[in-house]
Amino acid sequence: MRLACWFSLVLLAAPAVAQATVADLVQQLGSRDGQKRNAAYRQLLANRKPEVIAAVAGAIEDLSRIGQELSCNVLRGFPRREVASVYKKMMSSATPYLRVVAVARLLPDYRADSDRSRRARAIKVLTKALAACKQDRVLSAVYACASVRDDAVFAQLRLMLRSDAAHVTKGVLRQLLNREGGVNADTQAAVTKLLTAKQSQVRGVAYAYLLHGDADHSEAFAKLLTDEPGVLWMVMDLLPKDKLHDALQDAIAAALAKPRSEHDIRRLAGVLRTAAPQKLKLALRGLVGHEKDAFRDEALAQLANMPGGFGEKDLMEMLHDKAMAVRVVAAGALRKQDNRAGLKPVIEAAKVRGKHQADAARVLGDYRSKQGVPVLLDLLDAADARVRNSAWSGLQETLRGLYPYRKFDFNKCGYAPNAASRQNGIATLRAWWASVE
Amino acid sequence: MHLYANCDDSSGPVVVCWPLATGAVIPWPAMGSTWTALAATACLGVASSLQGQGTTAAGVTEPGRTMTRAVDLIVGGRSQKAIERTLLLVVDPSEALVKAEFLSAFQKAMADNQASLGKTRIGLGIVGVKNTVVVPPTSDHAVVLQQMQARLTRQQAGLRNVYQAVRDGAAVLAQAAGERTLVLVTLENGDLEDNVAKTVAQLQRGKIRVEVVASETTLADSYWRRNRNQQVPNKTKLVGGDGAIVDVPWGLLFQREPANEMTPAGYAMWGLTRLAAATDGRVFLYASKQQQRHVCAFYGTCLFCDNDHELPDSGWNSALVDQVAPLVSARRDALKEMGRDAAFRLVMKTWLAAAKAGLISSEPGVRVAATSASRDRARAGRDLRLLATGNFARSAKRAEAAARKAAKMRDQLLEAIDALPQDGVSHRARATAKYLAVLLQLTQVNLLTFSGFCRDYAPEWFDVRTGEPLPPEVEPFDRDRRPMGIHYYNLSLCHGVRPFYDVELPGGEQLRQELMKLDAMFNSFQRRYGKSQFGYALRRNGIARFYPTFPGISKGPVRRRPKSSVTKKGPITPKRPTRRGGSSGPAGGPTTGGGR
């Protein structure tokens, strides 16, 4: 009897415990501790039970900014019909951001002719909510309604272009470019007014937008970039990739010669690759002799990735360079051109410890050669996790390529690059390799 | 610059080329001075007969693939001065055309060529509209632009008859004063042919020049030969392809999709090129950047890269592409000329023999005699019935017999190619013959792989006595299931044959020997034709990878719904199917573009 009571108590308490756990997790979404927040977010994403919806709906209003955004993402994982009531409630929330999210998620359901008035009401709520957003949440709100294509919303977005906040203006313009399918006459008129803004970054953003339509402002923009090179870093991801005036290409190429970090090299190369490959090539070649290794390696990698970036002869010479990283880049580029001369150098490079080793393992995997398999097997136990990961994915690709008639299930061998003990998995793989070699 | 001869229905513009002893041809600009021009003109007939070629598409096709350039050259006209002329634009509206930004290109061309447009009347016709012409030629160019803006933003899908639209336009244009030019802009429908000869005759009577903006077709496109059940509008037929006939063998055994249908031809469809060639016009090709992107395998798999391959011969040699250009004379004349070509006859004979031996799934559709060729009903090739059986031993035996036939046919073909005369043989037919020889070797390799698969792999997979493989390998199939047949996909040859030396394939030592032979033939062919459409086509083929098939789970027939007023009616205009293999845009017909 006592035992039965105990069981019934446990059974009654179980949902309450689960409820508490979910509620705690939702509260943790607003935590200042990033790790705790992310862990809670991951667990909630994996949980598809209705109590998650209830917990989020109950707590979302009081959560911090980041907590509200993560909660909205959690709700997105559920079918719309299950969360529609939550969104309807959110439409009258005190937080403008939540109202924006709610309308954006509900609008796809208001497509029928009978829903026309409902849709109009929702759009009105959305535009008002966008207008009410505080500056620090404007962009989140704009991104949250990215799927809404409506003239009233576009008009509201145009009103949000600010002459004193370049990053907001840039974010809104990127959205407008995307949603309006290019330059729109009304937006163009609004942006033209920003050309007289005091902030040079705002002017730069305006120029970058206008370039998508015509090249009229190219020279003025190029002058701005020459006078204030810092503007480029703000606008580089808004620039059109195929319509760049000569003067602008020169200004960007000049900026490429003085990058802040290796990431700038990658991003600016992306801008120039289509519009001015020759100028890009020259600028990158200038960086090949840079004193900073990271810059030099990035420039080499970018050059090697460009069609005709290096001639075959150059690449063959680079295989004998002193720096291992250079040999690896050359070997990778040669492989893409069906030249397997880089195989031996990259095998040698993969055996030597250093920063280049992860790239060497990746390139070796790309070669999909039998000669590379023993080296990749050795690298599965490298000290550096990046090397192990590269070697593991390279090994899988290689084996699938070399043995098209065999079926593999790599989970079965018990190897994971980040596991504490890897020896058993490696031994299994070695045994298999010995049996087929 | 090319020099044009007078042309009538049977002979279009002639490219002046200088034949060399090596067989290479230097195009006109390389010749330089005026006296050479005279000498070349005198040698025109000799050169033409030496090559055994008449008018080819190379003579009318302009270089470049951008819309801006094409429209600028057409709107600007051939004269720098403002001469009296009438320009009728016949536009086939489509999604591809909107994406190609035709409208903005046209507006730009109008703005850039104001000086030469002073005495030009412009009209507008829309394909698919009754009587086609929506704005008769007028000096008020703004009206044309306005109508164009209104009509071209609407995207239309479906098969439309552009030749009828050209005839409608020609009827209006024939009454116009001054130089008459009809500009046909169609990125999708040039393959839907409707009496090309009649259209050409009407254009010539009206002294109308045709300038065409079209997408690039595929090399001897066989798609419509394979898909004969496509609904078409009345009195039309779907043909496609760059030449008057399909002159490159397609449907080789164990090739999942014909390479012809995935290889950019470098030219527009024959019908469109013919209109331009017969009226002293030009053809401009358009290809989007997406279409020019390189992909190792459209249908199969590439074992050696993740689509980051940079083809060593991706940049085509325009002189070589021109050499192997198809004829653009009237279909009957083209066939007559081809019949006199020993290499063409050799290809057709080998193709027919291979089809009868079951090595090719199609017959050529052309019957050749001693010095002539005539059209014939294209029958299907023999089916060796290798795939639709679970009897692996019998399939292996049949495959080995077929492999021996393929080897014999390849040797005979190679001997015959060596014996071909240097003169009187077109470069295109010679390239096709060599291409066919390599394909026969590839077919032999595939047959040996198939035989190895049937003898060694498949029985082992389904033998219950076979032990479990060591991890990470697992059993490829459930041993309890019984196979009912075999199927395959292709491992792309885009990286060549050599990388396959490392790959474990069924077939043993014999296969390795044949792979080495294939490698030698592949490399030799690529050295000669690598930077042309034929080299590209060879890379589109592949080594077959076989797998057993199993009976599916049977399901009752779908109950047909009774007819009611709610039932939607089918489209009046037949819909164009979406094609892959180079046409990476929307349902865009056989556009592959770009030579990559």
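Predicted model: local features only at pLDDT ≥ 70, side-chain atom pairs only at ≥ 80, totals over all residues.
**Chain B as a whole**

Let's start with the big picture. Chain B has 596 residues, and 57% of them count as buried.

**A helix and its neighbours**

Now zoom in on helix H3 of chain B, which covers residues 67-76. Which residues of this helix are buried? They are B:Met67, B:Ala70, B:Val71, B:Ile74, B:Val75 and B:Gly76. An α-helix has 3.6 residues a turn, so residues three or four places apart point the same way.

What do those buried residues pack against? There are helices among the partners, namely H4 (95-99) and H5 (102-112) of chain B. There are also strands of chain B: E3 (85-91), E6 (179-186), E8 (208-215) and E10 (282-286).

B:Arg282 pairs with B:Glu211, and their closest N and O atoms are 2.9 Å apart. This pair ties together distant parts of the chain, since B:Arg282 sits in strand E10 and B:Glu211 in strand E8, 71 residues apart. Both B:Arg282 and B:Glu211 are buried.

Across all chains, the whole structure has 50 salt bridges.

| Residue | Partner | Closest N and O atoms |
|---|---|---|
| B:Arg282 | B:Glu211 | 2.9 Å |
| A:Arg406 | B:Glu473 | 2.8 Å |
| A:Asp164 | A:Arg162 | 3.1 Å |

The pair of A:Arg406 and B:Glu473 crosses between chains. On one side, A:Arg406 belongs to the loop between helix H24 (385-402) and strand E1 (407-408) of chain A. On the other, B:Glu473 is part of strand E13 (residues 473-474) of chain B. Is B:Glu473 buried or exposed? B:Glu473 has a relative accessible area of 13%, so it counts as buried. A:Arg406 is partly exposed, because its relative accessibility is 25%.

Within chain A, A:Asp164 and A:Arg162 form a salt bridge of their own. A:Asp164 is partly exposed at 44% relative accessibility, and A:Arg162 is partly exposed at 28%. Chain A also holds a network of salt bridges that links A:Lys170, A:Arg174, A:Asp237 and A:Arg267.

Time for some backbone angles. Most residues other than glycine have a negative phi, and most peptide bonds are trans. With that in mind, check out a few places in chain B.

The peptide bond from B:Pro471 to B:Pro472 is cis, with omega near 15 degrees. B:Pro472 lies in the loop between helix H15 (427-461) and strand E13 of chain B.

B:Asn131 has a positive phi, near 60 degrees, even though it isn't a glycine. You'll find B:Asn131 in the loop between strands E4 (120-126) and E5 (133-138) of chain B. With a relative accessibility of 57%, B:Asn131 counts as exposed.

B:Lys235 is another non-glycine residue with a positive phi, at about 60 degrees. Where does B:Lys235 sit? B:Lys235 is in the loop between helix H9 (223-226) and strand E9 (237-238) of chain B. Its relative accessibility is 79%, so B:Lys235 counts as exposed.

**Out on the surface**

Chain B has a positive surface patch made up of B:Arg382, B:Arg385, B:Arg394, B:Arg398 and B:Lys405. One member, B:Arg385, is placed in the loop between strand E12 (373-375) and helix H14 (392-418) of chain B. B:Arg385 is exposed, because its relative accessible area is 51% and the cut-off is over 50%.

Over in chain A, A:Ser147 is in the loop between helices H8 (135-144) and H9 (151-159). A:Ser147 counts as exposed at 55% relative accessibility. Its C-alpha atom is separated by 40 Å from that of A:Gly308, which is 161 residues away along the chain.

Conventions. Residues numbered from 1 in each chain as written. Chains lettered and ligands numbered in written order. Heavy atoms only, no water. Patch = residues over 30% accessible without salt bridge, like charges linked within 9 Å, V, L, I, M, F, W, Y side chains within 5 Å. Areas by Shrake-Rupley, 256 points an atom, 1.4 Å probe, with all protein chains shown as cover. Salt bridge = Lys/Arg side-chain N within 4 Å of Asp/Glu carboxyl O. Lys, Arg positive; Asp, Glu negative; His and termini not counted. Charge placed at Lys NZ, Arg CZ, Asp CG, Glu CD. Helix = DSSP H or I, 4+ residues; strand = E, 2+ residues; numbered from the N terminus. Buried < 20%, exposed > 50% of the residue type's maximum accessible area, 1.4 Å probe, protein only. Contact = heavy atoms within 4.5 Å.
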